[in-house]
Amino acid sequence: MKILTKAACAAGVAALLSATAMTASAETTKLRIQTHYAPETVSGKLAAEYVDNVQTMSGGEIEIEMFYSSSVVKSVETFDAAATGILDCDMTGGAYQTGKNPAFQFVGDIMGGYATPYQQLSWLYYGDGLAAAQKLYNKYDMQLVGWWVYGQESLASTKPIAGIADLKDWKFRSPPGMETKIFEKLGAKPIVMDFTEIFTALETGIIDGADASGLANNVGLGLYDLGKFTNYPGFHSMPSDHLACNKAKWDAMPEAHRRIMSVAMEALALRTALTFEKKNAEAAAELRAAGVTLSEWSPEDLQAFRDAAQSTWPEFATSPEAEALVQAHLSYLKQLGLVSE
C-alpha cells in the first residue's frame, strides 16, 4: 500500500509538472491597436466587441490594449505608427494612405463600384481581393487582416438631390481625392473642407450640402436639422475600415492566434453590415416623420454615377499596385453584373 501511495504521489507530481510546463509554454500575444472611432459610437462598440471576442476565444492568450478616438496618434498617422512599432495594429482605413500610394483608394473607398457591403466583402474573400490587396499592404510592412464595411453613405442637402440633374452647381463638402473629380464631371462644385467645419458651412450657406457619413451617423451629427433633403439608399461612397497589423508582429504570432483574429474580423464584418442596415432604416423612418425628403435615385442615374466614377479610376491608377487593384475590381464587378463587358 505504501508503494502504491508513493507511485500515486509520483504520478501526481509528474502531472503537476507537466501542467506547469504546458502553462509556461503557452504563447501570449500582446497587441496595441488604435481606431479612429470613439468608444460610445456604434462602430466603437463593435470594435470593443471584436476585442472581447478575440481575447475570450484565445482563452486570454491574446491580450489587446485598444486605443479609441485616435488617442495615440492622428488617424492618418495610425498606419505608419503600426508599421514602425509605435502601435501593433491599425484599425482605421486604407483611404487615409492614398497620399502614400493611390492604390489605397481602391481598398479604402471604391467609389462607384459595389452596391452593398456584402458585394464588397465578397470581392475581398471570394474575388481574390485579399491576395491583391495583401501585396500592397506588405509593401509597407503591414498585413491586412480584414475589413468591416458599414455600408453606403448618404448626402445631406439644403436643396433637393433627387438625381443627376440636381447636382448642377450644387456646392457640397467633399473629402479630398477621387470624389471631387467624379462629382465635378457630374456638374457639382465640391469644396474640400475639414469634417469639423461642415455644420457651420451649412448653417452659413457656404455649401448647399455635405458628404459626411451614413444616414444614421448624419442624424447623430445634426446635419438634417439644417438640410432637409437627402438620398437613401446611399450610392456614392462605401468606405472600408480595416484591421492591418505590423507584418513582423503578425508573422511572429502563433498560427492559432492569427486564425482567431482573422475569423473574428469576418464576424465583425457581418455584424457591422447588419447593424448599420437596421440603424439606417430606423433613421430613414425617423427623418420621414420629421419632414425630411429622402430620394431614391433611379437606376439610370445610379448607372450614370457609376460610369463617371469608373471612368475616373484610371486617373488614380498611377502605380502598379493601383492598376492591379483596378483590374481586380473590374473583373469581379463584371462577374456580379455591375459592369457590362
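This is a predicted model: local features need pLDDT of at least 70, side-chain atom pairs count only at pLDDT 80 or more; totals for chains, interfaces and linings use all residues.
Two strands count as paired here if DSSP finds at least two bridges between them. By that rule β1 (residues 29-35) and β3 are partners, since 3 bridges join them and they run parallel.

**The five-stranded sheet**

- Strands β2-β1-β3-β10-β4 form, in that order, an open sheet of 5 strands with mixed pairing.
- Because β2 (62-67) and β4 stand at the edges with a single partner strand each, one side of each has no neighbour in the sheet.
- From one strand to the next, the twist averages 20°.
- Within the parallel pair of β1 and β3, the bridge partner of T35 is M91 in β3.
- On the antiparallel side, β3 (residues 89-91) pairs with β10 over 2 bridges, and D90 stands opposite A244 in β10.
- How many of the residues of β10 are buried? The count is 7 of the 7, so β10 is largely enclosed by the rest of the structure.

- The buried residues of α5 are P117, Q120, L121, S122, W123 and L124.
- Their cover includes α6 (129-139), β4 (142-149), β10 (240-246), α11 and α13 (320-336).
- Just after α5 comes D128, which takes a positive phi of about 65°.
- Helix α11 lies across β1, β2, β3, β4 and β10, and runs at about 25° to β4.
- T275 is found in α11. Is T275 buried or exposed? T275 has a relative accessible area of 18%, and the cut-off for buried is under 20%, so T275 is buried.
- Leaving aside neighbours within four places in sequence, T275 is in contact with V42 and L46.

**The six-stranded sheet**

- A second open sheet, of 6 strands, has the order β7-β6-β8-β5-β9-β11 and mixed pairing.
- Its edges are β7 (189-192) and β11 (293-295); each has a single partner strand, so one side of each is left without a neighbour in the sheet.
- With direction ignored, neighbouring strands here are turned by 25° against each other on average.
- β9 (residues 229-231) runs parallel to β11, and 3 bridges join the two. T230 stands opposite L294 in β11.
- Helix α7 (residues 178-185) packs on this sheet, touching β6 (171-174), β7 and β8 (209-211). The direction of α7 makes about 160° with that of β6.

**The second largest pocket**

- This pocket has a volume of about 440 Å³.
- It is lined by 25 residues, and the closest to its centre are A115, T116, Q152, P233 and G234.
- The elements that give two or more residues to the lining are α5 (117-126), α11 (255-289) and α12 (299-316).
- Which element gives the most to this lining? That is α11, with 4 residues.
- By class, the lining residues divide into 14 nonpolar, 8 polar and 3 charged.

**The cavity**

- A search of the whole structure finds 1 cavity of 30 Å³ or more, and the space in the largest cavity is about 30 Å³.
- Its lining is made up of I110, M111, G112, G113, Y114, Q120, Q152, F235, H236, S237 and M238.
- The lining of the largest cavity has 5 nonpolar, 6 polar and no charged residues.

Technical notes: Residues are numbered from 1 along each chain as its sequence is written. Side-chain values use heavy atoms; hydrogens and water are left out. On a 1 Å grid over the protein atoms alone, a cavity is a set of points where a 1.4 Å probe fits but cannot get out, and a pocket is an open set with protein on both sides within 12 Å along at least five of seven lines; lining residues have an atom within 4 Å of a point. Grid points are joined across faces, edges and corners, and a volume is the space filled by probe spheres set on the points. Ala, Val, Leu, Ile, Met, Phe, Trp, Tyr, Cys and Pro count as nonpolar, Asp, Glu, Lys and Arg as charged, and the others, Gly among them, as polar. Buried means under 20% relative accessible area, exposed over 50%, partly exposed in between (1.4 Å probe, protein chains only). Contact means heavy atoms within 4.5 Å. Axes are lines fitted to C-alpha atoms, for helices over the stretch in contact, and angles run from 0 to 180 degrees between N-to-C directions.
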